[in-house]
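Biologist: Before we discuss this model, I would like each label we attach to it to be set against its definition. Please show the sequence and the structure.

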Amino acid sequence: MATRTSRFPGSGTLIEETRIQGQAEGRAEDILRVLDLRGVEVPEAARERITSCTDLDTLGTWFDRAVTAADTQELFAEA
């Protein structure tokens with residue numbers, strides 16, 4: 001008998017990992033762009049932290065904060 005799973009084809013595969021990595025890279029670029037457009041200085045250490053992050057939830061939080069943050073310390077502040 002066949003077993004059904006709730007996983008979609010490609011779930012947990014290199015294809016999915018590549019897709020998520022691409023989303024993370026795009027989100028990191030968006031964060032940096034928002035900060036740049038707002039004139040917020042991004043030190044190299046902060047830039048590295050943003051671009052190396054692969055957690056989409058964290059990147060989403062940082063993106064939301066990038067809209068109003070006065071500096072990168074506010075971006076990374078613990079809730």
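Biologist: What makes the crossing of α1 and α2 left-handed or right-handed?

Modeller: The crossing of α1 and α2 is right-handed, given that a crossing is left-handed if the near helix is turned anticlockwise from the far one by less than a right angle, and right-handed if clockwise. The two helices pack at an angle of about 145°, with their axes 8 Å apart; axes are lines fitted to C-alpha atoms, for helices over the stretch in contact, and angles run from 0 to 180 degrees between N-to-C directions.

Modeller: This is a predicted model, in which local features need pLDDT of at least 70 and side-chain atom pairs count only at pLDDT 80 or more, while totals for chains, interfaces and linings use all residues. Residues are numbered from 1 along each chain as its sequence is written, and side-chain values use heavy atoms, with hydrogens and water left out.

Biologist: Which residues meet where α1 packs on α2?

Modeller: With contact taken as heavy atoms within 4.5 Å, A28, I31, L32 and L35 in α1 meet R47, I50 and T51 in α2. These residues divide into five nonpolar, one polar and one charged, where Ala, Val, Leu, Ile, Met, Phe, Trp, Tyr, Cys and Pro count as nonpolar, Asp, Glu, Lys and Arg as charged, and the others, Gly among them, as polar.

Biologist: How many helices and strands does the protein have?

Modeller: There are four helices and zero strands, counted as DSSP runs numbered from the N terminus (helices H or I, at least four residues; strands E, at least two).

Biologist: What span does α1 reach, and what is expected?

Modeller: The expected span is 1.5 Å times one less than the number of residues; α1, residues 14-37, has 24 residues and reaches 34 Å from its first C-alpha to its last, close to the 34 Å expected.

Biologist: Why is T72 called buried?

Modeller: Buried means under 20% relative accessible area, exposed over 50%, and partly exposed in between (1.4 Å probe, protein chains only); T72 has 9% relative accessibility and therefore counts as buried. T72 is found in helix α4 and, not counting residues up to four places away in sequence, touches V40, E41, V42, P43 and A46.

Biologist: What is the predictor's confidence in the protein on average?

Modeller: On pLDDT, the predictor's confidence in each residue from 0 to 100, the protein averages 86, and 84% of the residues score at least 70. Over residues 1-6 the pLDDT is below 50, and beyond near neighbours in sequence this stretch has zero contacts in the model.
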